[in-house]
Amino acid sequence: MLLNWTVMILYNYFSAMFVGPGYVPLGWTPEKSQDCMYLQYCKVCQSYKAPRSHHCRKCNRCVMKMDHHCPWINNCCGYQNHASFTLFLLLAPLGCIHASFIFVMTMYTQLYNRISFGWSSVKIDMSAAKRDPRPIIPFGLSAFAASLFALGLALGTTIAVGMLFIIQMKVILTNKTSIESWIEEKAKDRIQYYQTGETFIFPYDMGSKWKNFKQVFTWSGIPEGDGLDWPVRDGCHQYSLTIEQLKQKADKRVRSVRYRAIDNYSGVCCPVTKGVKTFFTTPCTEEPRIALSRGDLILATRGLKHWMYGEKILDSAADGGIRERGWFPRKCVEKCQYDSETDQPVDGEKKNR
(Lines give C-alpha, C1' and ligand atoms only; values in the text may rest on other atoms or scores of the structure.)
Protein backbone atom coordinates (compact mmCIF):
# COMPACT_ATOMS: atom_id res chain seq x y z
CA MET A 1 0.00 0.00 0.00
CA LEU A 2 2.91 2.36 0.70
CA LEU A 3 4.21 1.73 -2.82
CA ASN A 4 0.72 2.44 -4.15
CA TRP A 5 0.64 5.80 -2.34
CA THR A 6 4.12 6.64 -3.64
CA VAL A 7 3.26 5.86 -7.28
CA MET A 8 0.04 7.91 -7.20
CA ILE A 9 1.70 10.84 -5.41
CA LEU A 10 4.62 10.99 -7.85
CA TYR A 11 2.34 10.55 -10.88
CA ASN A 12 0.17 13.54 -9.95
CA TYR A 13 3.19 15.57 -8.83
CA PHE A 14 5.01 15.17 -12.14
CA SER A 15 1.76 15.63 -14.08
CA ALA A 16 1.21 18.98 -12.38
CA MET A 17 4.84 19.88 -13.07
CA PHE A 18 5.23 18.85 -16.72
CA VAL A 19 1.67 19.15 -18.10
CA GLY A 20 1.58 22.75 -16.92
CA PRO A 21 -1.37 25.10 -16.49
CA GLY A 22 -1.91 25.92 -20.16
CA TYR A 23 -0.94 29.24 -21.71
CA VAL A 24 -2.85 31.77 -23.77
CA PRO A 25 -1.55 31.46 -27.36
CA LEU A 26 0.89 34.19 -28.34
CA GLY A 27 -0.85 36.89 -30.34
CA TRP A 28 -4.32 35.71 -29.26
CA THR A 29 -7.30 37.97 -29.96
CA PRO A 30 -11.01 37.28 -29.38
CA GLU A 31 -13.13 36.11 -32.31
CA LYS A 32 -15.14 39.34 -32.31
CA SER A 33 -12.90 42.35 -32.69
CA GLN A 34 -15.29 44.54 -30.69
CA ASP A 35 -14.66 42.32 -27.63
CA CYS A 36 -11.09 43.65 -27.43
CA MET A 37 -12.39 46.70 -25.58
CA TYR A 38 -13.31 44.44 -22.64
CA LEU A 39 -9.86 42.85 -22.34
CA GLN A 40 -6.42 43.89 -21.13
CA TYR A 41 -3.49 43.75 -23.53
CA CYS A 42 -0.24 42.02 -22.53
CA LYS A 43 2.81 43.73 -24.04
CA VAL A 44 5.08 40.79 -23.18
CA CYS A 45 2.97 38.12 -24.91
CA GLN A 46 1.77 40.56 -27.59
CA SER A 47 -1.78 39.32 -27.13
CA TYR A 48 -4.97 40.07 -25.24
CA LYS A 49 -5.50 38.43 -21.86
CA ALA A 50 -8.30 35.91 -22.14
CA PRO A 51 -10.93 35.87 -19.37
CA ARG A 52 -9.54 34.38 -16.13
CA SER A 53 -5.96 34.52 -17.44
CA HIS A 54 -3.12 36.45 -15.84
CA HIS A 55 0.49 37.08 -16.75
CA CYS A 56 3.00 35.22 -14.57
CA ARG A 57 6.34 36.96 -14.11
CA LYS A 58 8.07 33.65 -13.30
CA CYS A 59 6.74 31.76 -16.36
CA ASN A 60 6.79 34.94 -18.49
CA ARG A 61 3.52 33.89 -20.14
CA CYS A 62 -0.19 34.57 -19.73
CA VAL A 63 -1.56 31.57 -17.82
CA MET A 64 -5.11 30.29 -18.34
CA LYS A 65 -7.18 30.36 -15.12
CA MET A 66 -4.10 31.14 -13.06
CA ASP A 67 -4.41 30.44 -9.34
CA HIS A 68 -0.81 30.89 -8.21
CA HIS A 69 2.78 30.09 -9.11
CA CYS A 70 3.91 27.12 -7.02
CA PRO A 71 7.67 26.86 -6.34
CA TRP A 72 7.31 23.17 -5.38
CA ILE A 73 6.33 22.19 -8.92
CA ASN A 74 8.28 25.07 -10.51
CA ASN A 75 5.18 25.94 -12.50
CA CYS A 76 1.84 27.68 -12.24
CA CYS A 77 -1.31 26.02 -10.98
CA GLY A 78 -4.00 26.73 -13.55
CA TYR A 79 -6.49 25.38 -16.04
CA GLN A 80 -4.85 22.13 -17.20
CA ASN A 81 -3.02 20.94 -14.07
CA HIS A 82 -5.42 22.07 -11.33
CA ALA A 83 -6.83 18.54 -10.90
CA SER A 84 -3.40 16.88 -10.75
CA PHE A 85 -2.10 19.47 -8.29
CA THR A 86 -5.13 19.03 -6.00
CA LEU A 87 -4.89 15.22 -6.12
CA PHE A 88 -1.23 15.51 -5.15
CA LEU A 89 -2.24 17.67 -2.17
CA LEU A 90 -4.79 14.99 -1.18
CA LEU A 91 -2.66 11.88 -1.65
CA ALA A 92 0.47 13.22 0.07
CA PRO A 93 -1.26 13.65 3.49
CA LEU A 94 -3.02 10.29 3.13
CA GLY A 95 0.29 8.55 2.47
CA CYS A 96 1.87 10.38 5.42
CA ILE A 97 -1.02 9.35 7.70
CA HIS A 98 -0.46 5.73 6.70
CA ALA A 99 3.28 6.05 7.34
CA SER A 100 2.61 7.72 10.71
CA PHE A 101 0.41 4.82 11.76
CA ILE A 102 3.20 2.37 10.88
CA PHE A 103 5.81 4.40 12.81
CA VAL A 104 3.60 4.70 15.89
CA MET A 105 2.73 0.99 15.97
CA THR A 106 6.36 0.00 15.38
CA MET A 107 7.67 2.15 18.23
CA TYR A 108 4.85 1.05 20.53
CA THR A 109 5.38 -2.68 20.01
CA GLN A 110 9.19 -2.45 20.16
CA LEU A 111 9.23 -0.28 23.28
CA TYR A 112 6.61 -2.44 24.97
CA ASN A 113 8.89 -5.46 24.66
CA ARG A 114 11.82 -3.55 26.13
CA ILE A 115 10.24 -1.96 29.18
CA SER A 116 10.74 -3.51 32.61
CA PHE A 117 8.92 -2.19 35.67
CA GLY A 118 10.57 -2.18 39.10
CA TRP A 119 9.29 -1.14 42.48
CA SER A 120 10.54 2.41 42.08
CA SER A 121 11.75 2.73 38.49
CA VAL A 122 11.00 2.00 34.85
CA LYS A 123 13.86 0.80 32.67
CA ILE A 124 14.05 0.57 28.88
CA ASP A 125 16.57 -1.85 27.39
CA MET A 126 17.15 -0.99 23.71
CA SER A 127 19.66 -3.77 23.18
CA ALA A 128 17.20 -6.61 22.61
CA ALA A 129 13.57 -7.62 23.06
CA LYS A 130 12.83 -9.46 26.30
CA ARG A 131 9.85 -11.51 25.22
CA ASP A 132 9.82 -11.78 21.43
CA PRO A 133 12.44 -13.57 19.32
CA ARG A 134 15.02 -11.49 17.50
CA PRO A 135 13.29 -9.36 14.81
CA ILE A 136 14.22 -9.43 11.16
CA ILE A 137 15.31 -5.77 11.38
CA PRO A 138 17.05 -4.90 14.68
CA PHE A 139 15.36 -2.00 16.45
CA GLY A 140 18.04 -0.20 18.39
CA LEU A 141 18.50 3.33 19.64
CA SER A 142 19.40 4.68 16.18
CA ALA A 143 16.34 3.04 14.62
CA PHE A 144 14.13 4.54 17.35
CA ALA A 145 15.57 8.02 16.75
CA ALA A 146 15.12 7.69 12.98
CA SER A 147 11.52 6.49 13.40
CA LEU A 148 10.73 9.37 15.75
CA PHE A 149 12.24 11.89 13.31
CA ALA A 150 10.33 10.37 10.38
CA LEU A 151 7.12 10.48 12.40
CA GLY A 152 7.61 14.21 12.97
CA LEU A 153 8.16 14.81 9.26
CA ALA A 154 5.07 12.76 8.36
CA LEU A 155 2.84 14.62 10.82
CA GLY A 156 4.23 18.00 9.74
CA THR A 157 3.63 17.20 6.08
CA THR A 158 0.11 16.00 6.87
CA ILE A 159 -0.79 19.28 8.57
CA ALA A 160 0.93 21.65 6.12
CA VAL A 161 -0.09 19.97 2.86
CA GLY A 162 -3.54 19.12 4.26
CA MET A 163 -4.20 22.83 4.85
CA LEU A 164 -3.18 23.59 1.26
CA PHE A 165 -5.59 20.89 0.08
CA ILE A 166 -8.45 22.50 2.01
CA ILE A 167 -7.63 25.87 0.43
CA GLN A 168 -7.60 24.35 -3.08
CA MET A 169 -10.90 22.54 -2.51
CA LYS A 170 -12.45 25.83 -1.47
CA VAL A 171 -11.13 27.34 -4.69
CA ILE A 172 -12.60 24.50 -6.77
CA LEU A 173 -16.01 24.34 -5.06
CA THR A 174 -16.52 28.10 -5.42
CA ASN A 175 -14.91 28.15 -8.90
CA LYS A 176 -12.96 31.17 -7.74
CA THR A 177 -9.15 31.26 -7.85
CA SER A 178 -7.13 33.09 -5.22
CA ILE A 179 -6.45 35.91 -7.70
CA GLU A 180 -10.16 36.20 -8.53
CA SER A 181 -11.01 36.31 -4.81
CA TRP A 182 -8.65 39.27 -4.50
CA ILE A 183 -10.29 40.95 -7.51
CA GLU A 184 -13.72 40.46 -5.92
CA GLU A 185 -12.55 42.05 -2.66
CA LYS A 186 -11.14 45.03 -4.54
CA ALA A 187 -14.43 45.35 -6.44
CA LYS A 188 -16.31 45.68 -3.17
CA ASP A 189 -13.82 48.26 -1.92
CA ARG A 190 -14.10 50.25 -5.15
CA ILE A 191 -17.90 50.28 -5.04
CA GLN A 192 -17.90 51.31 -1.38
CA TYR A 193 -15.23 53.98 -1.93
CA TYR A 194 -17.05 55.71 -4.80
CA GLN A 195 -20.59 54.91 -3.61
CA THR A 196 -21.60 53.90 -7.14
CA GLY A 197 -24.45 51.65 -6.03
CA GLU A 198 -23.20 48.81 -8.25
CA THR A 199 -23.46 45.15 -7.32
CA PHE A 200 -20.62 42.95 -8.46
CA ILE A 201 -21.58 39.31 -9.00
CA PHE A 202 -18.80 36.82 -9.62
CA PRO A 203 -19.74 35.38 -13.04
CA TYR A 204 -18.07 31.93 -12.97
CA ASP A 205 -19.68 30.43 -9.87
CA MET A 206 -22.34 28.11 -11.29
CA GLY A 207 -24.32 28.19 -8.03
CA SER A 208 -23.74 24.47 -7.44
CA LYS A 209 -20.64 22.99 -5.82
CA TRP A 210 -21.05 19.84 -7.90
CA LYS A 211 -21.10 21.79 -11.18
CA ASN A 212 -18.03 23.74 -10.09
CA PHE A 213 -16.32 20.47 -9.10
CA LYS A 214 -17.01 18.92 -12.52
CA GLN A 215 -15.29 21.80 -14.31
CA VAL A 216 -11.96 20.63 -12.82
CA PHE A 217 -12.35 16.89 -12.21
CA THR A 218 -13.54 14.77 -15.14
CA TRP A 219 -13.38 11.04 -15.89
CA SER A 220 -11.12 11.69 -18.87
CA GLY A 221 -8.71 13.76 -16.80
CA ILE A 222 -9.09 16.67 -19.23
CA PRO A 223 -10.87 19.71 -17.72
CA GLU A 224 -13.95 21.12 -19.39
CA GLY A 225 -13.67 23.82 -22.02
CA ASP A 226 -10.63 25.22 -23.78
CA GLY A 227 -9.40 27.59 -21.07
CA LEU A 228 -10.34 30.68 -23.11
CA ASP A 229 -14.16 30.72 -23.02
CA TRP A 230 -16.00 29.98 -19.79
CA PRO A 231 -19.66 29.40 -18.94
CA VAL A 232 -21.15 32.14 -16.79
CA ARG A 233 -24.09 32.20 -14.42
CA ASP A 234 -27.41 33.75 -15.42
CA GLY A 235 -27.47 37.52 -15.46
CA CYS A 236 -23.72 37.88 -15.99
CA HIS A 237 -21.76 38.97 -19.03
CA GLN A 238 -18.97 36.87 -20.56
CA TYR A 239 -16.57 39.71 -19.75
CA SER A 240 -17.99 40.79 -16.38
CA LEU A 241 -14.73 40.01 -14.58
CA THR A 242 -12.47 41.59 -17.19
CA ILE A 243 -14.59 44.74 -17.23
CA GLU A 244 -14.19 44.95 -13.46
CA GLN A 245 -10.43 44.51 -13.86
CA LEU A 246 -10.34 47.43 -16.30
CA LYS A 247 -12.28 49.58 -13.82
CA GLN A 248 -9.85 48.69 -11.05
CA LYS A 249 -6.88 49.44 -13.30
CA ALA A 250 -8.31 52.88 -14.11
CA ASP A 251 -9.07 53.42 -10.43
CA LYS A 252 -5.48 52.52 -9.52
CA ARG A 253 -4.22 55.18 -11.93
CA VAL A 254 -6.52 57.73 -10.33
CA ARG A 255 -5.45 56.87 -6.78
CA SER A 256 -1.74 56.58 -7.60
CA VAL A 257 0.59 59.24 -6.23
CA ARG A 258 3.86 60.44 -7.71
CA TYR A 259 7.02 60.18 -5.62
CA ARG A 260 10.60 61.27 -6.27
CA ALA A 261 13.62 59.26 -5.12
CA ILE A 262 15.83 61.19 -2.71
CA ASP A 263 18.20 58.32 -1.93
CA ASN A 264 19.71 55.44 -3.87
CA TYR A 265 18.34 51.93 -3.33
CA SER A 266 20.00 48.84 -4.82
CA GLY A 267 16.85 46.69 -4.90
CA VAL A 268 17.93 44.16 -2.27
CA CYS A 269 15.23 42.36 -0.30
CA CYS A 270 16.39 43.41 3.18
CA PRO A 271 18.46 46.61 2.98
CA VAL A 272 20.79 47.02 5.95
CA THR A 273 21.55 50.71 5.38
CA LYS A 274 17.91 51.88 5.31
CA GLY A 275 17.22 51.46 9.00
CA VAL A 276 16.40 48.64 11.39
CA LYS A 277 12.63 48.95 10.95
CA THR A 278 12.91 48.84 7.17
CA PHE A 279 15.17 45.80 7.42
CA PHE A 280 12.84 43.77 9.66
CA THR A 281 9.54 44.83 8.04
CA THR A 282 10.39 43.85 4.48
CA PRO A 283 7.23 42.62 2.69
CA CYS A 284 6.80 38.84 2.88
CA THR A 285 5.96 38.40 -0.78
CA GLU A 286 7.51 37.12 -3.99
CA GLU A 287 6.87 40.46 -5.66
CA PRO A 288 10.12 42.10 -6.84
CA ARG A 289 11.96 45.13 -5.52
CA ILE A 290 12.94 47.95 -7.85
CA ALA A 291 16.29 49.75 -7.73
CA LEU A 292 16.14 53.52 -7.36
CA SER A 293 18.52 56.34 -8.14
CA ARG A 294 18.23 59.91 -6.94
CA GLY A 295 15.75 61.80 -9.09
CA ASP A 296 13.77 58.77 -10.32
CA LEU A 297 10.01 59.24 -10.48
CA ILE A 298 7.76 56.49 -9.13
CA LEU A 299 4.00 56.13 -9.32
CA ALA A 300 3.02 54.50 -6.01
CA THR A 301 -0.21 52.52 -5.81
CA ARG A 302 -0.08 50.95 -2.34
CA GLY A 303 2.15 50.81 0.65
CA LEU A 304 2.97 49.68 4.17
CA LYS A 305 4.38 51.67 7.07
CA HIS A 306 7.99 51.42 5.91
CA TRP A 307 7.61 50.14 2.33
CA MET A 308 5.74 51.20 -0.81
CA TYR A 309 4.80 49.48 -4.04
CA GLY A 310 4.72 51.27 -7.36
CA GLU A 311 5.93 51.59 -10.92
CA LYS A 312 8.97 53.52 -12.03
CA ILE A 313 8.14 56.16 -14.64
CA LEU A 314 10.35 55.39 -17.63
CA ASP A 315 10.77 56.73 -21.11
CA SER A 316 8.72 54.10 -22.96
CA ALA A 317 10.49 54.77 -26.24
CA ALA A 318 13.98 54.39 -24.79
CA ASP A 319 13.15 51.41 -22.60
CA GLY A 320 11.13 49.46 -25.12
CA GLY A 321 7.91 49.73 -23.17
CA ILE A 322 9.25 47.62 -20.27
CA ARG A 323 7.54 48.32 -16.95
CA GLU A 324 9.50 48.25 -13.69
CA ARG A 325 7.21 47.55 -10.76
CA GLY A 326 8.03 46.48 -7.24
CA TRP A 327 8.59 47.42 -3.60
CA PHE A 328 10.96 50.10 -2.33
CA PRO A 329 11.69 51.66 1.11
CA ARG A 330 9.45 54.57 1.99
CA LYS A 331 12.36 56.58 3.43
CA CYS A 332 14.09 56.62 0.02
CA VAL A 333 11.35 58.75 -1.59
CA GLU A 334 9.40 61.90 -0.99
CA LYS A 335 5.97 62.86 -2.25
CA CYS A 336 5.87 65.23 -5.18
CA GLN A 337 3.94 68.44 -4.77
CA TYR A 338 1.37 67.54 -7.40
CA ASP A 339 -0.25 64.27 -8.34
CA SER A 340 0.92 62.74 -11.61
CA GLU A 341 -2.45 62.03 -13.15
CA THR A 342 -4.54 65.07 -12.32
CA ASP A 343 -1.98 67.79 -11.44
CA GLN A 344 -3.94 68.39 -8.26
CA PRO A 345 -2.54 68.50 -4.72
CA VAL A 346 -2.19 64.92 -3.49
CA ASP A 347 -3.44 65.82 -0.02
CA GLY A 348 -6.73 67.09 -1.37
CA GLU A 349 -10.14 65.60 -1.03
CA LYS A 350 -11.15 62.22 -2.36
CA LYS A 351 -11.19 62.09 -6.13
CA ASN A 352 -14.33 61.36 -8.06
CA ARG A 353 -14.57 59.55 -11.36
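Val257 stands opposite Ala300 in strand S10 of this predicted model, where strands are DSSP runs of E with at least two residues, helices are DSSP runs of H or I with at least four residues, and both are numbered from the N terminus. The two residues belong to a pairing in which strand S9 (residues 257–261) and strand S10 (residues 297–303) run antiparallel and are joined by four bridges; two strands count as paired if DSSP finds at least two bridges between them. Ala300 also has a bridge partner in strand S11, namely Gly310, and Arg302 has Tyr309 as its bridge partner in S11. Between S10 and S11 (residues 307–312) the pairing is again antiparallel and extends over five bridges, while a hairpin of three residues joins S10 to S11.

These strands are part of an open sheet of five strands with antiparallel pairing, in the order S12-S11-S10-S9-S13. At its edges lie strand S12 (324–329) and strand S13 (333–335), each of which pairs on one side only. Neighbouring strands of the sheet are turned by 45° against each other on average, with direction ignored.

Because this is a predicted model, local features need pLDDT of at least 70 and side-chain atom pairs count only at pLDDT 80 or more, whereas totals for chains, interfaces and linings use all residues. Residues are numbered from 1 along each chain as its sequence is written, and side-chain values use heavy atoms, with hydrogens and water left out.

Two packed helices are described by the angle between their axes and the distance between the axes. Here the axes are lines fitted to C-alpha atoms, for helices over the stretch in contact, and angles run from 0 to 180 degrees between N-to-C directions. The table sets out two helix pairs.

| Helix pair | Angle | Axis distance |
|---|---|---|
| H2 (residues 82–112) and H3 (residues 141–174) | about 150° | 8 Å |
| H4 and H6 (residues 240–255) | about 60° | 10 Å |

H2 and H3 are therefore roughly antiparallel to each other, and H4 is oblique to H6, since angles under 35 degrees count as roughly parallel, over 145 as roughly antiparallel, 65 to 115 as roughly perpendicular and the rest as oblique. The crossing of H2 and H3 is left-handed, a term used when the near helix is turned anticlockwise from the far one by less than a right angle. The crossing of H4 and H6 is left-handed as well.

A UniProt entry, which is unreviewed, lists residues 6–24, 87–108 and 136–167 under "transmembrane region", and such annotations may be inferred rather than shown by experiment. In the model, residues 6–24 are 74% helix and 0% strand, with end C-alpha atoms 33 Å apart, whereas residues 87–108 are 100% helix and 0% strand, with end C-alpha atoms 32 Å apart.

The count of salt bridges comes to eleven, each being a side-chain nitrogen of Lys or Arg within 4 Å of a carboxyl oxygen of Asp or Glu. One of them pairs Arg52 with Glu180, whose closest N and O atoms are 2.7 Å apart. This pair links distant parts of the chain, 128 residues apart, with Arg52 in the loop between strand S2 (47–48) and strand S3 (54–56) and Glu180 in helix H4 (residues 178–194).
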